[in-house]
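This report walks through a structure, from single contacts out to whole chains. Keep the sequence and the 3D view open while reading.

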Amino acid sequence: MIHSLFLINNAGDLFLEKHWKSVISRSVCDYFFEAREKAVEPDNVPPVIRTPHHYLINIYREKIFFVSVIQTEVPPLFVIEFLHRVAETFQDYFGECSETTIKDNVVIVYELLEEMLDNGFPLATESNILKELIRPPTILRSMVNTITGSSNVGETLPTGQLSNIPWRRAGVKYTNNEAYFDVVEEIDAILDKSGTTVFAEIQGVIDACVKLSGMPDLTLSFMNPRLLDDVSFHPCVRYKRWESERVISFIPPDGNFQLMSYHISAQNLVAIPIYVKQNISFFETGSSGRLDIAVGPKQTMGKTVECLVVTVHMPKVVLSANLSATQGTYNYDPVTKILLWDIGKLNPQKLPNLKGSLSLQSGAPKPEENPSLNIDLKIQQLAISGLKVNRLDMYGEKYKPFKGVKYVTKAGKFQQRLSEWLLVHTEV
Amino acid sequence: RLPKTARSNTPPHIYITMNEDLKEMLESNKESLKLEAMKRIVGLIAKGKNAYELFPAVVKNVASKNIELKKLVYVYLVRYAEEQQDLALLSISTFQRALKDPNQLIRASALRVLSSIRVPIIVPIMMLAIKEAATDLSPYVRKTAAHAIQKLYSLDPDQKEHLIEVIEKLLKDKSTLVAGSVVMAFEEVCPDRIDLIHKNYRKLCNLLVDVEEWGQVVIIHMLTRYARTQFVSPWREDAVFDENSEKTFYDSEGRRVDQSKPYIMDPDHRLLLRNTKPLLQSRNTAVVMAVSQLYWHLAPKHELSIITKSLVRLLRSHREVQYIVLQNIATMSIQRKGMFEPFMKSFYVRSTDATHIKTLKLEILTNLANEANISTILRELQTYVKSQDKAFAAATIQAIGRCATNISEVTDTCLNGLVLLLSNRDETVVAESVVVIKKLLQTQPSQHSDIIKHMAKLFDSITVPMARASILWLMGEYCEHVPKNAPDVLRKMAKTFISEEDIVKLQTVNLAAKLYLSNSKQTKLLTQYILNLGKYDQNYDIRDRTRFIRQLIVPNEKSGALSRYARRILMAPKPAPVLQSAFKDRDRFQLGTLSHTLNSQSNGYLELSDWPAVAPDQSVRIVEVVELAGAPLLGKSKPGKSAEKFYSDSEEEEEEEGSSSEDSSSSSSEESESESESEENSDDSNKSSSSESDSEKKKKTLKNKKLQQQKPDILNITYLPPQIIQKALLLFIMTKFFSIHIVLAFSNQFVANCRCSLLCLCVFLACQFDAVSWHVRVSLQASFPVFVPETSHELLHRMTGKGLSAQYRFTRQPCIYGNSMVSLQLTLSNSSDQALENIHISEKSSTGQNIHRFNAIERLEPQASVTVSMGVDFNDSTQAANFQLCVSIQPAVGELLLPITMTEADFTKEQGKLLGMNESSATITMTPENISSQSVNRKVVSVANLGVIPSSQENIHRRCLNLTKPTFWNVIKKTNCS
């Protein structure tokens with residue numbers, strides 16, 4: 001299936017190659033570079049590129065292109081999903097997935113890639129199994145290894161590989177047994193100019209950090225499971241129980257993992273926590289414009305909105321911005337044409353406001369395009385959908401674990417459209 | 001470093017100096033140095049730098065004890081073995097040794113590396129290793145073997161036949177770890193050998209949920225292909241029949257009969273759909289997509305909706321995932337709008353989306369448009385037109401055009417909107433609008449002459465060639481609607497002709513020609529001028545076109561008949577173009593495949609076949625649990641009925657695979673035994689042909705045996721060794737399922753004689769029984785009894801039964817215990833004054849009938865009655881069934897005793913022997929009026945049969961004994977008067 005993998009950075013340097021079958025010359029990447037050049041933005045590179053003899057399937061992540069070479073028919077999603085899994089494994093092992101960390105740990109990267117694929121077919125992708133085969137690097141271990149000459153490589157087949165629950169290894173032991181769940185919800189919304197919801201939905205995930213000894217069997221139940229429109233689970237979750245009883249029953253993997261993700265569709269009413277009033281206008285003459293943005297709370301359920309950031313993609317002709325903010329800092333990048341206003345905590349008593357003038361390329365006509373306004377925010381201790389975890393029960397082990405649930409709401413793809421330009425005629 | 005370079009004979013080169021370094025490290029004795037060197041070498045490989053001249057130094061370390069070093073050497077070997085074939089052979093023996101290692105991880109990795117060394121000379125060694133690993137105890141090693149199959153196949157395709165054998169073996173593997181990998185090997189090596197799947201189909205369906213996610217994808221794709229060849233279409237072609245209903249009315253009878261037959265889904269088809277459904281909830285997007293395409297290609301249309309939500313969920317995933325999913329949704333939404341319409345808003349475009357995502361979303365929105373939602377969609381599209389991304393804005397205009405042609409209600413609105421866009425400042429937007437307007441106008445030009453006029457006015461400001469060409473074409477085509485503007489435009493064009501693009505020039509020539517034909521008075525000169533310009537144009541096509549047009553429109557002596565038709569040729573009404581989706585023809589590919597994404601067939605794409613008109617034999621998927629018994633006899637016995645045939649056929653196959661030589665020898669001996677036995681029987685029952693081992697006959701002979709109670713024959717059999725009897729019985733069962741009850745009865749005879757072997761046999765028979773009765777029920781549906789007699793018959797009178805009476809009655813209901821049984825209802829009542837316990841039928845049945853006993857009745861209270869049902873197999877004869885009804889009466893403890901007399905001294909002596917464990921005491925509280933010794937005496941004696949021994953002590957009253965096991969009773973009266 002997957003023949004070879006090339007890692008290419010944003011500047012177009014090929015810095016790692018790995019072949020699972022016979023070697024394919026790196027010149028095959030020329031087709032990729034061609035497409036990369038044509039696309040201008042890295043995001044616009046088509047994920048599947050056809051070359052005379054091969055197919056290139058690539059993903060772009062953390063400023064790295066993972067380009068895989070395929071020779072025969074294969075479901076493209078299979079490859080894409082796998083490449084993302086590779087990136088996630090790197091992140092898991094090295095803390096971050098970047099060119100530097102990959103270069104620094106090239107031997108481990110190679111060992112990992114060797115274990116993850118055999119003849120181009122995934123062999124072990126479960127992080128628990130990989131970690132038993134190849135231990136992640138730590139400063140202490142690398143020091144010990146250089147002194148004693150011991151290795152990072154496991155000598156026996158990980159227990160999980162053969163069992164029915166490959167995600168958990170046997171013989172886990174903790175002194176503090178704890179299980180924490182984070183319910184993270186993201187609001188995806190498109191608002192029109194006046195702030196009316198065009199489209200809104202909630203995407204939620206439950207991230208878990210479970211450090212429990214032995215083989216615990218957990219059951220998580222919700223107060224209002226009916227809210228969940230569509231769900232997808234970590235393989236450990238027993239789907240039958242969810243179907244019949246709407247509880248999540250599972251033997252957890254060890255450590256951090258994503259238990260489930262869910263979707264609350266547009267059919268339900270989605271609360272929009274803030275409103276944005278904006279007025280961006282350009283004058284017919286004089287190569288200038290005016291900008292006025294104000295933000296205020298809307299449906300926050302009594303919680304504080306934090307980490308509020310407003311991003312505006314300006315038309316190409318806008319050269320600079322001369323603004324003043326009542327709260328937070330702003331920054332206009334004339335290269336990417338992005339205006340970023342970092343507000344921070346939203347104070348309902350004193351609403352933040354950004355006001356000032358924009359200067360345009362002289363002589364250029366008034367821009368016709370729409371800028372769009374993206375909003376980022378965070379609300380602690382709130383799941384905007386109202387989802388509540390009822391209880392967590394543990395079976396199979398005798399000890400009493402510490403349990404905790406945290407709720408966070410974030411803005412996902414939260415966008416406000418600025419549909420029309422206000423035509424302002426200057427009177428000189 | 002310098003001397004080192006000097007020493008090496010190769011020309012000095014920076015890598016070589018470095019590699020010399022590494023070579024020395026590899027040859028040192030220190031493990032850590034070697035490891036360090038290997039790490040650096042791997043670093044070189046990763047960067048794509050050459051390190052192959054180190055091969056001899058590296059290969060020496062292949063047998064290293066250090067596992068990390070070893071693994072890195074493996075990495076190196078796999079990378080360079082192809083280039084250094086001879087040296088690579090040095091390492092082979094190490095791997096061969098490692099293949100026998102007790103550690104499964106080492107065995108597996110040895111096989112992995114051995115099979116990855118692409119050196120043709122080791123093909124036989126690889127083949128051997130694969131065959132061995134395929135039978136390894138560890139599923140992990142077997143999985144590696146499945147991977148190795150593909151490697152060997154790509155190295156040497158001639159091994160195909162042998163590899164298929166291994167695949168066949170591994171397909172039978174029950175481990176979830178192996179399933180995905182072996183199916184992958186199957187797909188690569190022999191995807192056309194669909195017959196290998198039959199037997200494993202159900203197993204694969206059932207294992208699917210537990211297979212690792214990557215295996216799931218591969219298996220689902222394979223099963224999709226499989227199902228399309230094995231099941232009939234679940235899609236009712238009602239729509240097709242409606243369309244040409246008139247035709248079908250007169251059409252052949254056959255088709256109509258076909259249609260009227262209700263569609264019943266094959267249970268195996270349903271099994272696949274049911275078992276894949278939960279996987280829609282997988283976190284792996286590839287799995288979700290695989291299930292979706294399976295449903296798309298296999299499920300009845302009304303069940304399709306369940307995949308919608310999952311697909312929409314995937315849109316939240318990474319950019320690349322979105323791209324593939326949207327492409328597939330685009331193809332689906334053309335055929336089935338309804339599926340995605342409720343989720344329309346999920347396809348709204350965000351300014352932050354990548355361009356190809358935006359275009360795909362636009363495509364889907366356009367596909368979803370219908371009369372009901374068009375206004376919402378158009379409003380949405382209008383905002384896209386103003387996008388900063390101009391390519392996307394242009395695509396939006398195209399989309400508006402498509403909506404306008406598809407939905408006639410909004411054609412005018414769209415057209416007006418597009419005309420407004422003509423005044424847009426952006427050229428691409430204007431140009432695209434012109435092109436789209438041109439296409440729209442073709443549908444109804446007469447009503448829109450003002451738009452054409454408007455475009456004529458805009459002509460000067462439009463510079464994009466395609467747009468200019470479109471306007472010129474419109475002018476020419478509808479010059480009668482704009483008689484004043486068209487010649488003027490032509491005049492302008494004559495001025496700028498030389499500097500125009502080719503496409504514009506061509507349209508100018510066309511316009512000139514059309515005007516010449518319709519309005520020659522005004523345009524004759526202009527046309528001639530333009531034709532002259534075209535005659536000397538640099539472009540071949542334009543010169544060609546000019547020459548053609550001139551001959552066509554300007555009458556001269558050479559042109560003959562053609563010019564007479566010039567008007568009809570040039571001004572013919574042209575059909576309006578249909579604005580189609582770019583995804584229209586993508587459905588020829590299986591969804592979710594690379595070919596679908598690229599819209600062209602890629603290497604190794606496996607075509608999805610059409611549904612067969614008639615389903616192939618579904619029995620091929622039936623897997624027998626029975627794996628015992630001898631093949632030869634089975635091969636001989638030719639069952640007469642077709643219903644049985646498919647059982648025995650499938651068994652035959654099983655046998656051929658499973659039976660070893662040992663098995664067949666033992667079964668042949670047993671065969672001869674049973675044959676001789678049947679010969680004897682046939683003599684008795686006047687059957688002439690004894691050699692024929694027809695099972696029907698066997699059944700009869702057996703029946704005869706039963707009916708005539710021919711003891712000698714039966715005894716003959718009973719004295720055979722138990723093993724053989726067991727096998728003989730199995731044979732009967734397998735060849736002749738419906739005669740099982742006879743065999744059962746038969747077996748009852750032996751229980752006493754050869755218990756051990758028959759015990760397991762009976763268990764087996766019991767298991768078989770279910771399957772058999774099911775089979776019979778299918779073929780012969782029993783109907784309900786017309787009349788059920790109410791009369792009961794006396795079975796046991798209460799006098800003879802000592803209080804227990806029993807009545808029986810035939811219920812005429814089908815017996816639930818077995819098909820050949822007659823159900824009986826027993827009513828037991830207790831007319832005595834004691835409770836009867838544990839009423840059951842004795843297990844010792846005196847006659848040969850098989851009786852299903854009722855569950856033992858624990859306790860029957862006095863005057864109570866209970867009704868139970870039982871089944872008796874009368875073997876279709878009128879012979880009476882005999883059985884013993886057992887009743888137990890549990891006696892009170894006191895009645896088990898017998899009094900004896902002894903002296904007090906003896907009593908105390910005897911009692912002294914039985915202390916401690918044998919002692920038991922209890923305290924009874926009595927009312928004062930009962931404490932007189934007489935009354936206590938009376939009470940005790942009434943409960944237990946005891947003797948009284950006078951006591952010297954006042955408070956001790958009674959001791960007594962049971963005869964066999966002496967029991968001493970000591971009643972001590974404690975006068976606690978409180």
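Arg402(B) and Glu363(B) form a salt bridge, with their closest N and O atoms 3.2 Å apart. The model is a predicted one.

Are the two partners buried or exposed? Arg402(B) has a relative accessible area of 10%, so this residue counts as buried, the cut-off being under 20%. Glu363(B) is buried as well, at 11% relative accessibility.

## Thr366(B) and its contacts

Helix 24 of chain B spans residues 355-368 and also holds Thr366(B). With a relative accessibility of 4%, Thr366(B) is buried. Which residues does Thr366(B) touch, leaving aside its neighbours within four places in sequence? They are Ala399(B), Arg402(B) and Cys403(B).

## Other salt bridges

Side chains of opposite charge can pair when their charged atoms come close. Over all chains, the count comes to 47 salt bridges.

Glu187(B) pairs with Arg225(B), and here the closest N and O atoms are 2.4 Å apart. This pair links distant parts of the chain: Glu187(B) belongs to helix 12 (residues 176-189) of chain B, Arg225(B) to helix 15 (residues 213-230) of chain B, and 38 residues separate them. Glu187(B) is buried, at 16% relative accessibility. Arg225(B) is buried too, with a relative accessible area of 10%.

A local pair is found in chain A. Lys103(A) forms a salt bridge with Glu99(A), with 2.9 Å between the closest N and O atoms. Both residues lie in helix 3 (residues 99-104) of chain A, 4 residues apart, or about one turn of the helix. How accessible are they? Lys103(A) is partly exposed at 46% relative accessibility. Glu99(A) is partly exposed at 23%.

## A network with residues from both chains

Salt bridges also link residues into a network. From chain A come Lys18(A), Glu114(A), Glu115(A) and Asp118(A). From chain B come Lys71(B), Arg112(B) and Lys151(B).

## An open sheet in chain A

In which order do the 4 strands of this open sheet in chain A run? The order is 14-15-20-17, and the pairing is antiparallel. Strand 14 (274-282) and strand 17 (318-325) of chain A stand at the edges. Each has a single partner strand, so one side of each is left without a neighbour in the sheet. On average, neighbouring strands of this sheet are turned by 15° against each other, direction ignored.

Strand 15 (residues 288-297) and strand 20 (residues 353-360) of chain A run antiparallel and are joined by 7 bridges. One bridge partner can be named. Ile293(A) has Leu354(A) as its partner in strand 20 of chain A.

## A nonpolar patch on chain B

Which residues make up the nonpolar surface patch of about 290 Å²? Leu562(B), Tyr565(B) and Ile569(B) do. Ile569(B) lies in helix 35 (residues 566-570) of chain B. Its relative accessible area is 41%, so Ile569(B) is partly exposed. Membership of such a patch calls for over 30% relative accessible area.

Chain A has 428 residues, of which 58% count as buried. Its secondary structure holds 8 helices and 23 strands. Among its contacts with a separation of 6 or more, 69% are between residues 24 or more positions apart. The accessible surface of chain A is about 18200 Å², and carbon and sulfur atoms account for 50% of that area.

Chain B has 978 residues, with 51% counted as buried. Its secondary structure comes to 46 helices and 8 strands. Of the contacts in chain B with a separation of 6 or more, 66% join residues 24 or more positions apart. Chain B has an accessible surface of about 48500 Å², with 53% belonging to carbon and sulfur atoms.

Definitions and conventions: Residues numbered from 1 in each chain as written. Chains lettered and ligands numbered in written order. Predicted model: local features only at pLDDT ≥ 70, side-chain atom pairs only at ≥ 80, totals over all residues. Heavy atoms only, no water. Patch = residues over 30% accessible without salt bridge, like charges linked within 9 Å, V, L, I, M, F, W, Y side chains within 5 Å. Areas by Shrake-Rupley, 256 points an atom, 1.4 Å probe, with all protein chains shown as cover. Salt bridge = Lys/Arg side-chain N within 4 Å of Asp/Glu carboxyl O. Helix = DSSP H or I, 4+ residues; strand = E, 2+ residues; numbered from the N terminus. Buried < 20%, exposed > 50% of the residue type's maximum accessible area, 1.4 Å probe, protein only. Pairing = 2+ DSSP bridges. Axes fitted to C-alpha atoms, helices over the stretch in contact; angles between N-to-C directions. Contact = heavy atoms within 4.5 Å.
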